[in-house]
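Welcome, and take a moment to turn the model around before reading on. The report below walks through some of its residues and helices.

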Amino acid sequence: MQLLWEHCKKELEGKIDRHNYNSYIKPTKQLQYSNNKLSILVPSTYLADWLEKHYLTMIRSIINHQTAAENKITFVVDSAGHKEAHTPAPAQAKKKAAKAKSDASQLKSQHSFETFVVGKCNEFAYASALACAKKPGAKYNPLFLYGGVGLGKTHLMQSIGRYILDKNKGANVLYLSSEYFVNQMISAMQKGQMDRFRKKYRNLDALLVDDIQFIAGKDRSQEEFFHTFNTLFEMGKQIIVSSDQFPKDIKRLEERLKSRFQWGLIADILPPSFETKIAIINKKAELNGYMMPLEVAEYLAQTIKSNIRELEGCMARIIAYASLSGRSVNLQLAQETMDGVYSEAIKHVDVAMIQKVITSYFDLKRYDLKSKSRARKVVVPRQIAMYLCREYTDESLPRIGELFGDRDHSTVIHSHKKIKRELEVNTKLYNDFKAVTKILEL
């Protein structure tokens, strides 16, 4: 009876959609069969729910026919039910203690270095974060992560915290937003508990503060954070902060804080490339026990221009819609799911629109972009415009070159490569690029 489920899988393969078989049936294994009870091991809760809802009747019918008896079918989740059911009591206690420690640190289990997809856009930030996690306080202190919304700053910060806790169960790690820090300080002031507040924050082994720009303009909060920073730094404790802006560009942030944020290492995270977005989609689907068809992954990667968070949200919506409707995930279903719901995400731009925004932002004339001028104040905006046209329009390279003063397609390729490279190292260009894409709502 050890091959009972394998025989059932072969029969199911001939009866159901190939994509559904590969996504839901193929990853499963037989766990146990005795007394007319078959336990099937599945990689995720999502997969167990799907199988029970859509295929349980068919599976039971096949198994009953093969065994000539009535059987009970159960789905056991590998990462939860199966492993936890065989975990000794002392190990369970340790596991609960570790979870309590993680909860107190405000760290989420889904954020780890293993689940972070590395691409050209974030490889420097990833390497920096991993180095901090391995030697907290000794290397790159403080670490300042900056980049747009939803690009993975929080994921990296929490990965550092979880890594430190995994390697040192007694470590005192805390992740929070700067808004939470401000609110906690205000509450402590109102209750006359500032000594307790300072003790909490100045006795940490690692402090991870997200969205530090929120503290700007709040004098008392900046004062308190400044002294907290100094105390931890002098003790050799790891400090990590993140922002959507470069330190010197955060308005109303005290100069002494800007200076300290630049003491260590500054690592930026850029928007993901098409290939990186595909990798993120596949990784996320895999973690949920699912297989995303390539055509759907490419459609999402091409459609979602803004950030990873929205990309994951769209993917989750498509999977949920498929589950509720009992349909296979394919391009048609993905397009139906996205239609009208993410209209902002699927906004299209054309060359004329890009040229208009570029000339307005850089205070140029439309003619300048088509002229032969080699002045830097014209060349850089022109190259940014060509980069955007290649990334966000369906125009061919020769056509883009033609619309920029009858330039050769090789000029468009050169501009695209130049801007892509500069975005990783040129802070001013990166900020200008962000401002332009924001105006275009990309």
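Let us begin with Tyr-21, which lies in helix H2 (residues 18-25). Helices here are DSSP runs of H or I with at least four residues, strands are runs of E with at least two, and both are numbered from the N terminus. Tyr-21 counts as buried, at 8% relative accessibility. Buried means under 20% relative accessible area, exposed means over 50%, and partly exposed is in between, with a 1.4 Å probe and protein chains only. Setting aside neighbours within four places in sequence, Tyr-21 is in contact with Lys-9, Leu-12, Glu-13, Ile-16, Lys-26 and Pro-27. Contact means heavy atoms within 4.5 Å. Tyr-21 and Gln-106 are 85 residues apart in sequence, and their C-alpha atoms are 38 Å apart in space.

A word on the source: this is a predicted model, in which local features need pLDDT of at least 70 and side-chain atom pairs count only at pLDDT 80 or more, while totals for chains, interfaces and linings use all residues. Residues are numbered from 1 along each chain as its sequence is written, and side-chain values use heavy atoms, with hydrogens and water left out.

**The whole chain**

The chain has 442 residues, of which 48% count as buried. Its secondary structure comes to 22 helices and eight strands. Taken along the principal axes, the C-alpha atoms fill a box of roughly 85 × 65 × 35 Å. Among the contacts with a separation of 6 or more, 71% are between residues 24 or more positions apart.

**Buried residues in other helices**

Which residues of helix H3 are buried? In H3 (residues 45-54) they are Leu-47, Ala-48, Trp-50 and Leu-51. These residues lie on the same side of H3, because they cover an arc of only 165° around the axis. The arc is that of the directions from the helix axis to the C-beta atoms.

His-155 is found in helix H8 (residues 153-167). With a relative accessible area of 15%, His-155 is buried. Apart from neighbours within four places in sequence, His-155 is in contact with Gln-110, His-111, Ser-112, Thr-115 and Phe-116.

Thr-276 has its place in helix H13. This residue is buried too, at 7% relative accessibility. Not counting residues up to four places away in sequence, Thr-276 touches Val-117, Gly-119, Lys-120 and Cys-121. Thr-276 and Val-117 are 159 residues apart in sequence, yet 7.5 Å apart in space from C-alpha to C-alpha.

**Two helix pairs**

Here are two packed pairs of helices. Axes are lines fitted to C-alpha atoms, for helices over the stretch in contact, and angles run from 0 to 180 degrees between N-to-C directions.

| Helix pair | Angle | Axis separation |
|---|---|---|
| H13 (residues 274-287) and H14 (residues 294-303) | about 130° | 9 Å |
| H19 (residues 376-392) and H22 (residues 427-440) | about 50° | 12 Å |

H13 and H14 are therefore oblique to each other. Angles under 35 degrees count as roughly parallel, over 145 as roughly antiparallel, 65 to 115 as roughly perpendicular and the rest as oblique. The crossing of H13 and H14 is right-handed. A crossing is right-handed if the near helix is turned clockwise from the far one by less than a right angle, and left-handed if anticlockwise. On the H13 side, the contact is made by Phe-274, Lys-277, Ile-278, Ile-281 and Asn-282, and on the H14 side by Ala-297, Glu-298, Leu-300, Ala-301 and Gln-302. By class, this contact has six nonpolar, two polar and two charged residues. Ala, Val, Leu, Ile, Met, Phe, Trp, Tyr, Cys and Pro count as nonpolar, Asp, Glu, Lys and Arg as charged, and the others, Gly among them, as polar.

H19 and H22 are likewise oblique to each other, and H19 passes H22 in a right-handed crossing. Val-380, Ile-384, Tyr-387 and Leu-388 in H19 meet Leu-429, Phe-433, Val-436, Thr-437 and Leu-440 in H22. The contact of H19 with H22 has eight nonpolar, one polar and no charged residues.

**Backbone details in the loops**

Most residues other than glycine have a negative phi, and most peptide bonds are trans. Arg-252, not a glycine, has a positive phi of about 65°. Arg-252 sits in the loop between strand E7 (238-243) and helix H12 (255-261), and is exposed, with a relative accessible area of 65%. A cis peptide bond, with omega about 0°, joins Asn-141 and Pro-142. Pro-142 lies in the loop between helix H7 (123-134) and strand E4 (143-147).
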